[in-house]
Amino acid sequence: MRVLRCISQCSSTMRVMRTLGRFSALALVPLFFCGSLSAQTDGAGKAPREVSHPPLSPAMDAMARARTLVEKFFEQSSNVVSTENVTQAIIGKNGKPNYREDSVFDYQMQANTDSGSLKLVETRDTRKTAFRDSARSLLITNGFTGMLLIIHPTYESSYTFEPAGEEVLDGVTFVRINFKPVPGAASPAAMQLRGKSYPIPLSGTIWIEPQSGAVTKLVASMDSDLNDLGLKAMRSEIHYATVRFHEPEESYWMPVSAVIDVETPKQHWRNIHRFAGYKRFRATIQVEEAEKKP
């Protein structure tokens with residue numbers, strides 16, 4: 001069984017989370033860099049000069065809103081659980097699945113900043129185990145719902161973003177933002193091969209609702225093939241939507257599906273993750289006084 005995993009970590013130094021499983025050729029993990037910024041003085045004790053920035057275009061203004069919303073997304077993700085349906089398929093030459101397995105999990109993505117850096121960890125409790133054909137080699141994909149870190153402030157200098165017009169989806173107008181990797185900058189994905197990590201340059205498009213800054217779709221693919229490392233192509237398409245809760249009334253912005261295609265010179269896999277049945281955690285704290293003894 002082959003493993004394609006994104007376990008997200010943002011720290012002041014580069015760290016690689018190892019993948020598990022029998023993915024002898026390829027393994028995907030993200031590399032996150034989180035630098036610290038401090039105020040600097042201009043000359044001998046002088047305050048830094050204020051720099052005036054030109055007003056943002058409507059599309060890039062929506063992008064700025066999206067960056068703020070992404071930070072809130074990772075805060076809220078730890079408060080909910082969902083049901084995840086996973087389809088693992090082998091794609092034939094005709095572009096259609098010729099073998100598939102289906103599983104169901106209780107899913108949660110947890111964001112932790114206790115150590116001073118952002119760490120994202122997925123947890124899955126099996127509800128339905130797929131029938132396993134031991135003769136088949138399938139792909140395990142994790143962590144792709146966290147690909148929103150592409151537009152997290154941490155990665156602002158890792159990509160160039162350009163408006164790409166508007167598109168109407170289900171009667172709603174979205175702005176499209178294309179992104180391309182900056183050569184040599186940090187990437188949210190890297191291939192781990194024989195103990196070494198090879199950053200994968202990702203380019204793609206983001207669909208943003210301009211008023212709220214909510215991302216409804218993110219498509220990312222390899223900017224170039226890595227045939228010398230055994231990876232021909234990789235493409236991910238993640239969809240997000242608003243999930244509403246009651247008592248109290250709250251709206252969370254959560255992933256609803258992720259489709260990942262991975263190709264090597266000899267094989268093509270497609271995994272589909274669907275998320276539904278979101279439930280929110282509610283904590284109640286009750287304080288009791290200890291009974292006094294005579």
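The largest cavity in this predicted model has a volume of about 70 Å³. Here a cavity is a set of points, on a 1 Å grid over the protein atoms alone, where a 1.4 Å probe fits but cannot get out, and its volume is the space filled by probe spheres set on the points, which are joined across faces, edges and corners. Residues are numbered from 1 along each chain as its sequence is written.

The structure holds three cavities of 30 Å³ or more. Lining residues, those with an atom within 4 Å of a point, include Phe73, Ser77, Tyr107, Met254 and Tyr278 in the largest cavity. Two or more residues of this lining come from each of α1, β4 (80-91), β5 (97-112) and β15 (250-263); such helices (H or I, at least four residues) and strands (E, at least two) are DSSP runs, numbered from the N terminus. The lining of the largest cavity has eight nonpolar, four polar and no charged residues, where Ala, Val, Leu, Ile, Met, Phe, Trp, Tyr, Cys and Pro count as nonpolar, Asp, Glu, Lys and Arg as charged, and the others, Gly among them, as polar.

In the second largest cavity there is about 50 Å³ of space. Among its lining residues are Glu84, Glu122, Arg124, His273 and Phe275. Strands β6 (118-128), β7 (139-142), β15 and β16 (268-280) each give two or more residues to this lining, which divides into four nonpolar, five polar and three charged residues.

Nine aromatic pairs are found in the whole structure, a pair being rings of Phe, Tyr and Trp (its six-membered ring) with centres within 6.5 Å; planes under 30 degrees apart count as stacked, over 60 as edge-to-face and the rest as tilted. The ring centres of Phe73 and Tyr240 are 6.2 Å apart and their planes stand at 90°, so this pair is edge-to-face. Phe73 lies in helix α1 (residues 58-77) and Tyr240 in strand β14 (residues 233-245), 167 residues apart, and the pair thus links distant parts of the chain. Both Phe73 and Tyr240 are buried (under 20% relative accessible area; exposed is over 50% and partly exposed in between, with a 1.4 Å probe and protein chains only). Together with Phe74 and Trp253, these two residues form a cluster linked by ring pairs.

Charged side chains make contacts too. Salt bridges, in which a side-chain nitrogen of Lys or Arg is within 4 Å of a carboxyl oxygen of Asp or Glu, number 10 in the whole structure. Arg270 and Asp261 meet in one of them at 2.8 Å, N to O; Arg270 is partly exposed at 24% relative accessibility, whereas Asp261 is buried at 13%. Salt bridges with shared partners also join Glu84, Glu122 and Arg124 into one network, and these residues are among those lining the second largest cavity. Another bridge connects Glu237 with Arg235 at 3.2 Å, N to O. Here Glu237 is buried at 19% and Arg235 is partly exposed at 37%.

Definitions and conventions. Predicted model: local features only at pLDDT ≥ 70, side-chain atom pairs only at ≥ 80, totals over all residues. Heavy atoms only, no water. 1 Å grid on protein atoms, 1.4 Å probe; cavity = no way out; pocket = protein on both sides within 12 Å on 5 of 7 lines; lining within 4 Å.
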